[in-house]
Amino acid sequence: MKRFFPVYVRVPLIFFTCYGLLEYFIDSGDKPAIIAYPSVMLLLALVLLVIIALEIVASASNNIINQLMTPEERAEKERLENLPISQIPFVKNLLQKLTKTKPITSEKEIELDHDYDGIKELDNDLPPWWVYLFYATIIFSVIYLGKYHLFGGDNQFQELEKELAIAQKDIEEYKKTAPDLLTADKVILLTDAGDIAAGKAIYDANCVACHRADGGGGIGPNLADEYWILGGDVKEIFNTIMEGGRDGKGMVAWKQQIKPSDIQKVSSYILSLQGKNPADGKAPEGDKVTNNPASTTVATDSLAVKQASAPDA
Ligand code: HEC
């Protein structure tokens with residue numbers, strides 16, 4: 001074996017096999033296991049050390065054995081090491097077992113009586129490798145027949161259908177959390193109680209520090225009054241939250257943290273605060289928007305009307 005795998009092949013081969021197995025069996029998320037867990041790196045280093053140590057011990061003991069051998073023994077060992085592959089005893093035996101060839105010297109034993117104008121025929125056994133393969137196909141066919149024809153295993157079309165159904169489910173699952181392609185021009189005011197509640201949850205989690213829980217305002221402006229610095233239409237509010245306020249004012253763009261459909265919900269929630277008049281709310285800032293979208297409850301087609309948000313003089 002050493003002949004085919006010299007030490008500079010053997011050591012990396014064993015090492016990378018260990019590495020591959022560790023990576024395969026340790027669940028480490030996106031990162032490679034050796035980076036995610038320093039202990040894995042230590043373990044690999046240990047493995048490498050052990051392999052190298054074993055190699056050193058093996059070659060040292062080999063040297064000692066060589067020195068203890070008589071010259072004849074050494075010559076015999078060398079002869080064995082330099083045999084062509086097919087003459088190595090293990091390989092030779094294996095080939096004989098798989099082919100059961102008769103040596104030319106004993107061919108007479110299996111010669112058939114026929115003589116076709118001097119051409120003779122040998123009655124060789126079927127080579128065992130072929131026979132085993134044949135048995136294997138028989139076993140395979142029995143299993144196949146049982147699974148697909150007796151016990152109703154799925155055929156390829158059924159398999160495809162099942163996989164498509166799973167893929168469809170995955171897509172729906174993905175869509176639940178994936179960023180969506182909602183843009184300001186498609187945003188409409190949501191009035192569904194569930195959407196408003198979802199918007200409130202997002203608001204409570206991200207916005208209360210500056211706008212207060214009731215929208216009365218603090219660092220950020222009052223969101224419950226009719227005055228808007230950056231526009232009070234649902235599309236404008238959506239845009240403000242997506243892209244942030246004016247430079248240096250403290251309102252960051254949220255599009256990296258909150259996906260557009262959720263920003264639509266929080267915008268709708270904010271507009272649902274209109275007219276709630278929170279106690280000691282911040283003084284109005286910006287322009288008055290009278291044609292307030294929250295006053296219309298029809299979601300879809302009321303938008304055209306809402307566009308005309310005239311600032312109060
Ligand atoms: C760090 C404080 C801070 C946080 C957190 C914050 N805002 Fe603001 N927000 C502000 C400031 C300051 C302004 C005013 C921006 C300007 O003047 O340009 C503002 C403006 C706004 C406006 C426009 C108001 C107007 O009058 O036009 C909306 C709508 C708004 N914020 C919604 C939100 C929402 C929704 C969240 C949570 C996702 C949020 N804000 C989180 C500070 C904040």
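**Note on salt bridges and annotated segments**

1. A search of the whole structure finds 14 salt bridges. The model is a predicted one.

2. Start with Glu 55 and Arg 10. Their side chains form a salt bridge, with an N to O distance of 3.1 Å. The two residues are 45 apart in the chain, and the pair links distant parts of it. Glu 55 belongs to helix 3 (residues 38-68), and Arg 10 to helix 1 (residues 7-25).

3. Are these two partners buried or exposed? Glu 55 has a relative accessible area of 18%, so it counts as buried, the cut-off being under 20%. Arg 10 is at 17% relative accessibility and is therefore buried as well. Both values should be read against that cut-off of 20%.

4. Next, Asp 204 and Lys 200. The side chains meet in a salt bridge at 3.0 Å, N to O. Why are the two separated by about one helical turn? Because they sit four residues apart in helix 8, which covers residues 193-206. Asp 204 is partly exposed, at 34% relative accessible area. Lys 200 is partly exposed too, at 37%.

5. Twelve residues separate the partners, and the pair links distant parts of the chain. Glu 243 is in helix 10 (residues 234-243). Lys 255 lies in the loop between helix 10 and helix 11 (260-272). For Glu 243 the relative accessible area is 41%, which makes this residue partly exposed. Lys 255, at 38%, is likewise partly exposed.

6. One network also deserves a look. Lys 108, Glu 111 and Lys 120 are joined into it by salt bridges that share partners.

7. Now the annotation. The unreviewed UniProt entry lists residues 7-26, 32-54 and 129-146 under "transmembrane region".

Note on methods: Residues are numbered from 1 along each chain as its sequence is written. This is a predicted model: local features need pLDDT of at least 70, side-chain atom pairs count only at pLDDT 80 or more; totals for chains, interfaces and linings use all residues. Side-chain values use heavy atoms; hydrogens and water are left out. UniProt positions are given in the numbering used here, feature names are shortened, and annotations may be inferred rather than shown by experiment. A salt bridge is a side-chain nitrogen of Lys or Arg within 4 Å of a carboxyl oxygen of Asp or Glu. Buried means under 20% relative accessible area, exposed over 50%, partly exposed in between (1.4 Å probe, protein chains only).
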